Amino acid sequence: MRSNAINPNFSVWVSASAGTGKTKILIDRVLRLLLENKRNILCLTFTNAAANEMEDRIYSTLSKWAICPESILVADLEQLDFFPQHPYLSFQCLTLGSRENKDYLTRARRLFSELENIGLNIQTIHAFCYKLISSFPTEAGIAPNCTLSECKELHSIVFEKTLHNETVQDDINIIAAEIDENKLSDLLYTLCIKRPALENNLGYIKDKLSAPDKIHNLQSETSEQIKRLAKILSEGSKRDQSYSAILYDWCNSTKSSVPNVVIQVADTGIQKKRNMDPSVSYLDDNKIENLAKVFLKSESYEKKSISSIITKGALEKFEDVEQMIESIQNALFTHVKDINSYQIFARTSSLLSVFKVYVDLYNSEKSKNALLDYDDIINLATDLLSNPGDKDWILFNLDQKIDHILVDEAQDNSISQWKIITSLCDEFFTGGDEKRTLFVVGDVKQSIYRFQGANPHLFNYMQQYFHTKTGGRDWVSCQLEKSFRSTPEVLMLVDRIFNNFREEISFNDNEIKHIPHRENDQGYIEIWPLLPSYKEEEQQALQIHLTQRKDYVVTDRLLAQAIAQRIHNWLNEGRILVAKDRHIEPRDIMILVRQRNALVDYIISELKKVNVPVIGRDYFRIMDYIAVQDLIALAEFLLLQANDLALANVLKSPLFNFTEDDLFKIAYDRKEQSLWEKLHDYHEITSNELNYLINLSKTESPLTLFTHILRTGKKKFAARLGLECFEILDEFMNLVLQFEHPSLQAFVQWIKENNPEIKNDMQSERNAVRIMTIHKSKGLQTPIVFLVDTNTVPRNSKSILFDTTEAPFWCGKNNNAYCDQVKREKKLEDYNEYLRLLYVALTRAEDELYILGKEPVQKGSWYDLVIQYGALYERKKLYLQPIFKEKVEVLCMNANYPSIYKKRDYFDVPVISPPSNLSMSLQHVTLEPGEKKGLDPRFMHKC
């Protein structure tokens with residue numbers, strides 16, 4: 001099967017499970033194409049890192065071939081199933097070989113020097129699209145000098161202009177009644193990423209919601225029935241009387257209402273009649289809500305039972321009351337449904353009106369600055385290749401450059417990206433003298449980028465599409481199942497869990513099977529008991545900081561301490577990595593989290609405390625950290641001394657360490673004085689120091705200013721915030737250094753508006769523990785993996801819904817049948833991706849896997865699934881301090897996994913020097929004979 005997959009005469013679709021060597025097979029395919037004198041090769045990858053890795057490996061192989069001994073070259077070519085004309089020849093025959101075989105060897109040696117003329121392009125699909133539209137700027141309708149940018153700095157500018165745009169002030173006022181400025185900015189940014197088609201959306205949205213054109217008050221007949229029911233209930237029980245009061249209250253509120261007042265809803269938007277009486281009640285009014293609660297269930301607005309509205313005695317006294325209540329319920333149900341649908345449509349319509357202005361201004365700013373964002377280049381390339389007037393001309397030119405297309409990580413392609421690929425290779429299958437091929441490799445089980453537009457459903461669909469295109473001729477579909485990465489124990493756990501979720505992660509019912517190549521290597525899996533929950537208090541104003549109390553417990557920090565102590569002991573005591581037969585190094589360990597949160601900071605802090613080298617955050621935004629916020633607050637005060645809030649923040653920061661009492665004494669009863677003026681009298685030393693910084697900020701650059709501040713301030717931040725803040729402060733200083741403008745005001749404005757992203761290279765050669773999100777770990781592997789943050793299931797907190805056509809629905813607090821259906825579908829899709837994320841996390845481990853969690857554990861969470869479906873685990877006891885004081889039972893696979901320690905021979909100096917305050921509490925693990933095999937109650941789950 002592998003031989004066919006790399007055969008350049010076939011178009012191939014490869015479904016490759018994790019660790020099966022899909023990058024290797026992709027590279028081997030390229031090498032075979034080059035060996036058989038194929039030219040004009042395009043490799044499309046998902047990331048720049050993948051493109052660089054592939055390029056490096058190909059160049060490395062070709063450079064080796066240019067100078068290596070003939071025996072090595074022949075062996076490499078045999079491994080690539082080359083020499084197809086003489087499959088029967090032995091290694092010796094080939095070495096002695098015919099003249100023809102000598103020619104093959106000569107060709108292989110020349111490939112490295114001929115690379116520039118071969119036409120081999122390895123790039124991301126975004127890079128390819130940018131190059132394409134840059135080659136045809138006139139046809140694409142762009143300026144020749146356009147540059148590619150994320151354009152994040154434009155959004156704040158565009159948002160400010162949108163807020164002051166006169167044409168949408170009414171719509172902004174409607175929206176402002178429900179959300180604040182920041183949430184509106186987030187909504188518009190979300191819409192800008194999705195780019196819904198505005199032309200036809202309103203009609204489509206209105207139809208899907210079944211929104212009425214206008215809303216009337218309840219019919220007079222229904223109003224009379226409510227009045228009569230109010231009178232009947234007033235003579236009943238206490239509950240009846242309380243309902244009667246609500247009904248009377250509603251009746252009285254409608255007496256002054258103008259009959260038949262409506263809100264017209266046109267197909268193109270919303271128009272409000274200006275003569276509406278403000279006393280008219282709608283669903284968002286408390287009275288109509290209270291009326292609905294009498295007859296309908298609170299959230300679903302389904303009809304209540306009659307007995308929950310009126311007591312049995314009153315019901316028997318009036319024969320027609322049951323029929324009357326049902327009539328009111330029907331009318332009210334329809335009324336509430338119409339109002340809900342109408343309000344969703346009204347809200348969405350207003351938002352789209354604002355968004356139309358927003359996106360026009362955004363496009364205008366991009367044009368003014370000659371910028372293109374990443375969505376632009378995909379859309380422009382799609383349009384370019386789909387335009388009948390330009391397509392033939394462009395393809396004619398591209399045909400001279402592309403004969404073979406290879407697509408990596410195909411499961412993460414969006415529908416737009418697939419359109420580009422199909423446009424490029426549709427002509428491949430129409431026949432011709434030259435053989436032109438398509439090679440696609442991916443794994444739908446690892447599709448975890450829906451938030452970036454990836455559509456995993458398309459992977460299987462596109463396989464069928466291309467199979468049909470080729471008519472099955474010279475077409476190969478294959479499945480790679482042999483894993484070269486992980487030990488049998490890790491693969492067994494993966495298979496046992498995910499064969500319960502075949503449809504959810506792979507969209508078919510085929511068995512999920514991983515065949516271990518390392519069948520003789522030992523692996524180990526350990527599942528810790530859940531960290532017990534502790535009652536955590538909220539920090540109150542004017543209260544001693546909770547972290548300064550000896551009895552205060554932070555559960556995340558306990559978990560971090562346990563991880564740090566385990567890793568420290570391994571490194572310090574010289575633990576051997578069994579399968580590799582060498583000492584464990586910091587680079588052998590990866591700690592995976594589902595999302596960046598406080599736990600990451602605690603783990604970094606605890607690892608640094610025990611002197612374990614660690615590469616901290618793989619990605620973060622600089623302004624999300626309080627140390628940077630304090631520095632920017634200081635800069636704002638230096639620019640404007642009347643900024644009391646900025647000064648208060650600075651004084652309470654680690655730089656000056658004022659307490660709540662100190663701040664209160666300065667701020668209280670200061671009358672017309674500013675906080676700065678009052679500080680002169682209260683604390684002269686601080687005042688003088690700030691005065692010096694004010695003068696320094698006026699004469700020196702931001703770099704000089706912040707260098708002076710952090711010369712002593714860095715230690716102060718570390719004393720309060722921990723050693724992990726050093727990384728943040730260093731990255732902050734890098735940004736200051738890169739900022740070209742000498743103005744402090746310009747720097748503050750830039751950093752606040754853009755909140756720059758910081759990315760660390762997790763593939764660097766540093767010998768350090770890596771902590772990263774599972775998304776960032778994709779494509780990486782390591783001998784030892786800690787999987788934390790396993791006890792919760794993600795919730796969809798998005799304010800706006802998008803259906804399958806990407807039409808937006810801003811539901812707010814309103815319910816609608818269609819929106820509820822979309823929510824259910826999105827919830828299912830989110831959970832399925834959550835399962836695929838677990839698959840990616842587990843398959844990063846080569847040898848050892850440690851799974852951790854804390855109480856409470858949610859049903860369907862990773863921890864729950866691992867316990868429920870994983871295996872019939874073995875059990876043993878060990879110390880997990882400081883989480884548990886005594887030995888506790890852990891679940892494991894391969895309980896007899898060797899725990900071998902050997903001191904390092906570095907002049908008897910440990911690789912990690914132990915800190916003085918660390919108690920060596922974590923001891924060697926042994927299975928105690930005769931201990932009961934039952935589950936520890938901390939696991940709370942069936943096994």
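When I say that two residues are in contact, or that one touches another, I mean that they have heavy atoms within 4.5 Å. What you see is a predicted model, in which local features need pLDDT of at least 70 and side-chain atom pairs count only at pLDDT 80 or more, while totals for chains, interfaces and linings use all residues. Residues are numbered from 1 along each chain as its sequence is written, and side-chain values use heavy atoms, with hydrogens and water left out.

Let me begin with asparagine 796, which sits in the loop between β21 (782-787) and β22 (801-802); strands here are DSSP runs of E with at least two residues, helices are runs of H or I with at least four, and both are numbered from the N terminus. Not counting residues up to four places away in sequence, asparagine 796 touches Lys826 and Asp830. Asparagine 796 is partly exposed, because its relative accessible area is 41%, where buried means under 20%, exposed over 50%, and partly exposed in between, with a 1.4 Å probe and protein chains only.

Glutamine 225, in helix α13 (residues 220-233), has a relative accessibility of 15% and therefore counts as buried. Its side chain makes a polar contact with the side chain of serine 327 at 3.3 Å; such a contact is a pair of N or O atoms within 3.5 Å, where within protein one must be able to donate a hydrogen and the other to accept it, and residues adjacent in sequence count only if both atoms are side-chain atoms. Leaving aside neighbours within four places in sequence, glutamine 225 is in contact with Met324, Ser327 and Ile328.

Which residues have the most contacts inside the largest nonpolar core? They are Ile622, Leu631, Leu690, Phe706 and Phe732, in a core of 49 residues, a nonpolar core being a set of buried Ala, Val, Leu, Ile, Met, Phe, Trp, Tyr and Cys residues joined through side-chain atoms within 4.5 Å. The largest share of this core, nine residues, comes from α26. Phenylalanine 732, leaving aside its neighbours within four places in sequence, is in contact with Ile622, Val628, Leu631, Ile632, Phe706, Phe747 and Ile751. Apart from this core lies another, of 44 residues, including Val494, Ile497, Ile512 and Val785.
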